[in-house]
Amino acid sequence: MGFILAAAGSAVGLGNVWRFPYVTGENGGGAFLLIYLGIVFSIGVSVLIAELIIGRSTQLDPAGAFRKLAGGAWPLVGYMSILTAFVILSFYCVIAGWTVAYMIKSITGSVLTANPEEIGGVFNAFITDPLEPVLYTALFIGLTVFVALGGVASGIERAARILMPALFVILLVLVARSVTLDGAGEGIAFFLEPDFSRVTWGTLLAALGQAFFSLSLGMGAMITYGSYMQRHDDIAGSALAVTVLDALVAVLSGLVILPAVFAFGAAPTAGPGLTFITLPSIFAQMPFGFLFATLFFFLLAIAALTSAVALLEVVIAYFMDEGGANRKKVAITAGVATFTLAVPASLSLGVLSGFTIGGKVLFDALDYLTNNITLPLGGLLVALFLGWVLKHKGEEEFRDGSAMAPALVVAWRLIIRYIAPVAILLILINGLGFI
C-alpha cells in the first residue's frame, strides 16, 4: 500500500488538478473525458507496467537499469529521463510555489475578488515580481528535500500515507460544495455527458497527451519507484491501482472546477488561467469562499509536492546507485541545483523576459523541451525497448507476481509493441508542431 500511494502520488500532480480540467474544458467536456479514460486504461497503464518492469527487474536507477538489461546506447534513454526529471522539477517548483502563495493569500482574501480582470492583474504582478515567487519556490523546494531526506520508507511512503488520503478528503469536500451550487447542473452535464459532435483530431491528441503525462511516464519516476518494489510484487495489480487513483483524482478535479465555472457563468475554455484567475473570482462569490479557496490551493500544493518528491528521487537514486553517494548529501545538493535553475526560470516571466531561446522565455523553453520532446521520446523508447528488445523476458517479468489471464498478457504485448509506439509518436509529432 505504501508503494501504491507513493507511486500514485508521483502520478497525481498539477497535471491532474490544474491541467486536466482546463484541457477538458477546451476539448468539449464529456467526450474528451471518455476518450481520456479509454486511453489511460489501455496505453497509459501498459507503458506504466513497462516502466515498473524495468525498475523491478534491475533494482536500479533508469540509467543503470538500461545498462544492466541491454547496454549499448540504451543507457542514454535512462540519462535522458533523469535529465528530464531534473528540468521538469525546476520549473514545476515555480508553479508549485504559486499554489503555496495562493493558499496563503486566500486566507487573507488578497487574491479573491469577483472581477477576473482585476485578479488577472494581481496574478501577473505576482509572477513577474523578482522576489516573491522566488521565495515561495525556495520554500517548496525545501519541503520537497525534507520529505526526500527521510528515504523511501520513512520519507516518501510515510508522506504518501498522510498526503494522499488528505488529498482525497479535500477533493470530496470541494466536490460536495461545487456540485451543490445553483446552476452547477449545466457544468456536470458538460463534463459527464459525451457529445461526440465536439470530437476532432485535436481532441484525440489532447487526450493522448493528457493520459501519458498524467501518469508521470517518460521521466524515469516509475522506473525509479519500480526499483524499490520487492522481487515478486504484483506489477499489474500495482499499476492498475495507481492508474485508478490517478484517473479518479482527475475526474474529481473536473467535478470541483467545471460545475463551479458554469454556475458562475465563466468560460470553461479559459485555459491555464482557469486556476489562478477564473477560480479565485468564483470563490470570491461563494459563501465562505476564502475557506474553499484555501482548501483548493492546499490541495494543489499537496498534489504538487507528491510529484516533486518523485522527480527529485529520480536524481537522488541515480547518484546513490551509480556513485554510492549519501542520500542526505545528494538530496540537499540536488535541491540547491534545482533552485539554481528555478530562479532564472521564474525571473524569465518578469525581469529576464527579454532573454529568449528560440523565441521563448526560459520558463516556456524548459516546458517545451520536456513536455513536447524528451517526455514523449522517453516513453516511445521505453515501449520499443519492452516490446522489441526484452520481448519474452519482459512478459516473464510481467507475469512474475501477477495472476494474469493469458489474454491480458497478449493484449499488453500488442499494446506495448504496436499501439503505444504509434500513439506516443503522434504525441511527439504533434508536440513538434507537425500535426
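1. Does Lys105 count as buried or exposed? At 18% relative accessibility, Lys105 counts as buried, because the cut-off for that class is under 20% relative accessible area. The coordinates under discussion are those of a predicted model, and the remarks below should be read accordingly.

2. Lys105 takes part in a salt bridge with Glu132, with a nitrogen-to-oxygen separation of 2.9 Å. This pair connects distant parts of the chain, since Lys105 belongs to helix α5 and Glu132 to helix α7, 27 residues apart.

3. The structure contains four salt bridges, of which the Lys105 and Glu132 pair is one. Another joins Glu322 to Arg67, whose closest N and O atoms are 3.2 Å apart. Glu322 is located in helix α14 and Arg67 in helix α4 (residues 62–69), so this contact ties together parts that are 255 residues apart in sequence. Glu322 is partly exposed, at 34% relative accessibility, and Arg67 is likewise partly exposed, at 38%.

4. A further salt bridge is formed by the side chains of Glu313 and Arg327, at 2.7 Å from N to O. Glu313 sits in helix α14 and Arg327 in helix α15 (residues 327–347); the two residues are 14 apart and link distant parts of the chain. Glu313 and Arg327 are both buried.

5. Several helices contribute at least two residues each to the lining of the largest pocket, including α1 (2–11), α5 (75–108), α10 (201–214), α13 (273–284) and α16 (362–390). Helices α14 (289–323) and α18 (406–431) are also among them. The greatest contribution is that of α2, with eight residues.

6. The second largest pocket holds about 330 Å³ of space. Its lining consists of 17 residues, and Leu143, Phe146, Val147, Leu163 and Leu305 are the closest to the centre. The lining of this second largest pocket is made up of 13 nonpolar residues, three polar and one charged.

7. Which helices each supply at least two residues of the lining of the second largest pocket? They are α5, α7 (132–149), α8 (151–179) and α14. Helix α8 gives the most, namely six residues. Helices α5 and α14 also each supply at least two residues to the lining of the largest pocket.

8. On the surface, Trp388, Val389, Leu414, Tyr418 and Ile419 make up a nonpolar patch, with about 460 Å² of accessible area together. Helices α16 and α18 each provide at least two residues of this patch, and the largest share, three residues, is drawn from α18. One member, Ile419, lies in helix α18 and is partly exposed, with a relative accessible area of 39%.

9. Helix α18 contributes at least two residues to the lining of the largest pocket and three to the nonpolar patch.

Conventions:
Residues are numbered from 1 along each chain as its sequence is written. This is a predicted model: local features need pLDDT of at least 70, side-chain atom pairs count only at pLDDT 80 or more; totals for chains, interfaces and linings use all residues. Side-chain values use heavy atoms; hydrogens and water are left out. Helices (H or I, at least four residues) and strands (E, at least two) are DSSP runs, numbered from the N terminus. On a 1 Å grid over the protein atoms alone, a cavity is a set of points where a 1.4 Å probe fits but cannot get out, and a pocket is an open set with protein on both sides within 12 Å along at least five of seven lines; lining residues have an atom within 4 Å of a point. Grid points are joined across faces, edges and corners, and a volume is the space filled by probe spheres set on the points. Ala, Val, Leu, Ile, Met, Phe, Trp, Tyr, Cys and Pro count as nonpolar, Asp, Glu, Lys and Arg as charged, and the others, Gly among them, as polar. Buried means under 20% relative accessible area, exposed over 50%, partly exposed in between (1.4 Å probe, protein chains only). Patches are made of residues with over 30% relative accessible area and no salt bridge: like charges are joined within 9 Å, nonpolar side chains (Val, Leu, Ile, Met, Phe, Trp, Tyr) within 5 Å. Accessible areas come from the Shrake-Rupley method with a 1.4 Å probe; for residues, only the protein chains shown count as cover.
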